[in-house]
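Please read this short report alongside the sequence and the model.

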Amino acid sequence: MTEIPSAAIWLKPGQVARRAGVAVSTLHYYEQVGLITSRRTPGDRREYRRDTLRLIALIRASQTLGIPLARIKAALDELPHEHPPTKRDWARLARQWRTDLDRRIARLVALRDNLANCIGCGCLSLTSCPYTNPEDTLGEEGPGARRLVSE
Ligand code: FES
């Protein structure tokens, strides 16, 4: 069990940082760029609503996938701020992101499956290139590794 009592709704920055696995300075940065919000106690100390942990977890997971912070913020801006987002709110976000995530998954799968084969990059350096990309015909489709590009 973590140090955070399960009944706790408002958490101190240190509690959030430890549970989320980030530095307190990262919380301040996320707040500065409008990704998360906090409130101030009568003693002027920051407190974060517990569901901020879910926001931080999704921000970190999305960043790991290479999704730009601005795109993450645009999506999270769709969520309500006055109360913890509901399952329906998250489902709406999931629908919005599904196409983008599917495209990223397709690229990752293509990279995984083609890493040992010709990726259509124009190098013609593998024994499979003359068969997969004879005389770099894939280059006529456009720049880059044409077999890793998912339209
Ligand atoms: S791997 Fe580069 S053209 Fe085949």
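Is Tyr 30 buried or exposed? Tyr 30 is buried, because its relative accessible area is 2% and the cut-off for buried is under 20%. The model is a predicted one.

## The aromatic pair

The structure holds 1 aromatic pair. Its members are Tyr 29 and Tyr 30. The ring centres are 6.3 Å apart, and the planes make an angle of 50 degrees.

Tyr 29 has a relative accessible area of 38%. That value makes Tyr 29 partly exposed, whereas Tyr 30 is buried.

## Arginines over tryptophan rings

Two tryptophans carry an arginine over the ring face. Arg 39 lies over Trp 10, 3.8 Å from the ring centre. Arg 54 lies over Trp 90, at 4.3 Å from the ring centre.

## Strand pairing

Strand 3 covers residues 46-49 and runs antiparallel to strand 1, residues 10-11. The two are joined by 2 bridges. Trp 10 faces Arg 49 of strand 3 in this pairing. Trp 10 is also the residue whose ring face lies under Arg 39.

Strand 2, residues 39-40, pairs with strand 3 as well. This pairing is antiparallel too, again with 2 bridges. Arg 39 has Glu 47 in strand 3 as its bridge partner. The hairpin of strand 2 and strand 3 has 5 residues between the strands. There, Asp 44 adopts a positive phi near 60 degrees.

## Helix 4 against helix 5

Helix 4 spans residues 69-76, and helix 5 spans residues 87-114. Their axes come within 10 Å and cross at roughly 145 degrees. Helix 4 contributes Arg 71, Ile 72, Ala 75 and Leu 76 to the contact. Helix 5 meets them with Trp 90, Leu 93, Gln 96, Trp 97 and Asp 100. By class, the contact residues are 6 nonpolar, 1 polar and 2 charged.

## Gly 144

Which residues does Gly 144 contact, leaving aside neighbours within four places in sequence? They are Gly 120 and Cys 121.

Gly 144 belongs to the segment after helix 6 (129-132). Gly 144 is partly exposed, at a relative accessible area of 45%.

Definitions and conventions:
Residues numbered from 1 in each chain as written. Predicted model: local features only at pLDDT ≥ 70, side-chain atom pairs only at ≥ 80, totals over all residues. Heavy atoms only, no water. Axes fitted to C-alpha atoms, helices over the stretch in contact; angles between N-to-C directions. Helix = DSSP H or I, 4+ residues; strand = E, 2+ residues; numbered from the N terminus. Contact = heavy atoms within 4.5 Å. Nonpolar A, V, L, I, M, F, W, Y, C, P; charged D, E, K, R; others polar. Phe/Tyr/Trp six-rings, centres within 6.5 Å; stacked < 30°, edge-to-face > 60°. Buried < 20%, exposed > 50% of the residue type's maximum accessible area, 1.4 Å probe, protein only. Lys NZ or Arg CZ within 6 Å of the ring centre and 35° of its normal. Pairing = 2+ DSSP bridges.
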